[in-house]
Amino acid sequence: MKQIHKRILKEIGLKARESDLKAWAVGGFARDTLIGKNTEDIDICVEGDTSPLIKFCAEKYGADVVRFNDFATARVNLSCGLKLDFVRCRAEVYDKPGALPKVRPAGLKEDLFRRDFTANALALSIMPDEFFKEYDFFNSEEAVLKGYIKVLHDKSFLDDPTRLFRAVRFAARFNWSIETSTERLMREAVEKGYVNFISRQRAAHEFIKILAESRPYQALKCAAEYKLVDFVFTGLKLNPKINNLKTIEEKLAYLSLLQGERGFEFLDSLLLPKKDTALALETLKWRKSKAAPSKPLSKNALRIIRLYKPDIEGFKLKPLLLSAADLNELGYEGPALGAKLKALAKAQYAGKIKTRRAAFLYVKKTGF
Ligand code: CTP
């Protein structure tokens, strides 16, 4: 952890003591710190009111504060890159499976117990007299160091079925195993259709979070083995080469191509806004048309197509050799021009036309 970040946490701890509060860095930050992984995204759990600490950060560091209505929660973005999520220690009660929980103030132990997995239920104190002292009530350190995913209680997947997706995501990210009784609970949860308790949007969102991982192939394969993927899209086809891609847009485009004729159906199943699917749509439209594109494919689209089909002939990717203006000069207009352009694009894609000259000859030979 960067020295400046440590110093800031210490200063927040001092402010907590001054305000008669207790505060811990919890969850992913504590887990990642234990395995020596740096993270600038820190959840800070506070026993008591979070507002003195949020106000302190805003005043002392000029931090940008985004408040949420949700239980004294706020995200505090510091210019040094730290992102602090302040939340009051809470216990959660799930009225019905998959619904958002009701919350009430609680102590640290209860707050940690409400979490998804033991590996994510570790806390590091930020109080001055015990800075970075570990609070480990549920064998979290063992789970992190030995590397396994284990729920804190048997109803965890019923309370929150998104945890099924989270289990495979974390297991794949760290190359951890899923502990036997948790594995049994997961299979049971899938068999009983717990994922149906959450909205399609939430399931799709979890799928996208898996895609955001640096090794999505392993996570998706594991999700497919547990039949979790079926809740989003049945029969997903995969290829380890997806791990060569960086952005979600690229991974989406590649996965869409992998689904063959079902590419558009796959894309629709993720319920994404249009702007996030532009690259996938570009590659899918090109593939479906089986014709030379009227304008050059983007660099990214070309890269994804080549990853999908490394032996693809270059001419299949080249933009149309003649334009509408060219055909117009040859006397084509209206529907006849459109039809000719289409025929040209198909012929070029099929490799029958490789130069502009050949394209003109083709137009002349095939006539109106
Ligand atoms: N959490 C949970 N159940 C969920 C979502 C989150 O119990 N369905 C808890 C976990 O303890 C988790 C914490 O809330 O550590 C923060 O959630 P999130 O940011 O999603 O988890 P991180 O572990 O920080 O994930 P990442 O490393 O991907 O940032």
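Colleague: What should I know about the model before we start?

Modeller: It is a predicted model, in which local features need pLDDT of at least 70 and side-chain atom pairs count only at pLDDT 80 or more, while totals for chains, interfaces and linings use all residues. Residues are numbered from 1 along each chain as its sequence is written, and side-chain values use heavy atoms, with hydrogens and water left out.

Colleague: How many salt bridges are there, and by which rule?

Modeller: The count comes to 29 salt bridges. A salt bridge is a side-chain nitrogen of Lys or Arg within 4 Å of a carboxyl oxygen of Asp or Glu.

Colleague: Which residue pairs with Asp95 in a salt bridge?

Modeller: Asp95 pairs with Lys102, at 2.6 Å from N to O. Both Asp95 and Lys102 are exposed. Buried means under 20% relative accessible area, exposed over 50%, and partly exposed in between, with a 1.4 Å probe and protein chains only.

Colleague: What is the N to O distance for Lys133 and Glu130?

Modeller: The salt bridge between Lys133 and Glu130 has an N to O distance of 3.9 Å. Lys133 is partly exposed, since its relative accessible area is 43%.

Colleague: Which residues are linked in a network of salt bridges?

Modeller: Arg90, Glu92, Asp111, Arg114 and Arg115 are linked in such a network. In general, side chains of opposite charge can pair when their charged atoms come close.

Colleague: Turning to Lys316, is it buried or exposed?

Modeller: Lys316 is buried, yet has no salt bridge. The nearest side chain of opposite charge is that of Glu313, 4.0 Å away. For charge, Lys and Arg count as positive and Asp and Glu as negative, whereas His and the chain ends are not counted.

Colleague: Where is Lys316, and which backbone oxygen lies 3.2 Å from a polar atom of its side chain?

Modeller: Lys316 is in the loop between helix H14 (299-308) and helix H15 (324-329). The backbone oxygen in question belongs to Tyr349. Helices (H or I, at least four residues) and strands (E, at least two) are DSSP runs, numbered from the N terminus.

Colleague: Which residues gather in a patch of positive charge on the surface?

Modeller: That patch holds Lys290, Lys309, Lys342 and Lys346. Patches are made of residues with over 30% relative accessible area and no salt bridge: like charges are joined within 9 Å, and nonpolar side chains (Val, Leu, Ile, Met, Phe, Trp, Tyr) within 5 Å. The place of a charge is taken as NZ of Lys, CZ of Arg, CG of Asp or CD of Glu, and accessible areas come from the Shrake-Rupley method with a 1.4 Å probe, where for residues only the protein chains shown count as cover.

Colleague: Where do Lys342 and Lys290 sit?

Modeller: Lys342 lies in helix H16 (residues 334-349) and is exposed, because its relative accessible area is 62%. Lys290 lies in the loop between helix H13 (278-289) and H14, and Lys290 counts as partly exposed at 46% relative accessibility.

Colleague: What is phi of Lys290?

Modeller: Phi of Lys290 is near 45°, a positive value in a residue other than glycine. Most residues other than glycine have a negative phi. Asp20 is not a glycine either, and has a positive phi of about 65°. Asp20 is in the loop between helix H1 (3-18) and strand S1 (22-26), and is exposed with a relative accessible area of 71%.

Methods
A polar contact is a pair of N or O atoms within 3.5 Å; within protein, one must be able to donate a hydrogen and the other to accept it, and residues adjacent in sequence count only if both atoms are side-chain atoms.
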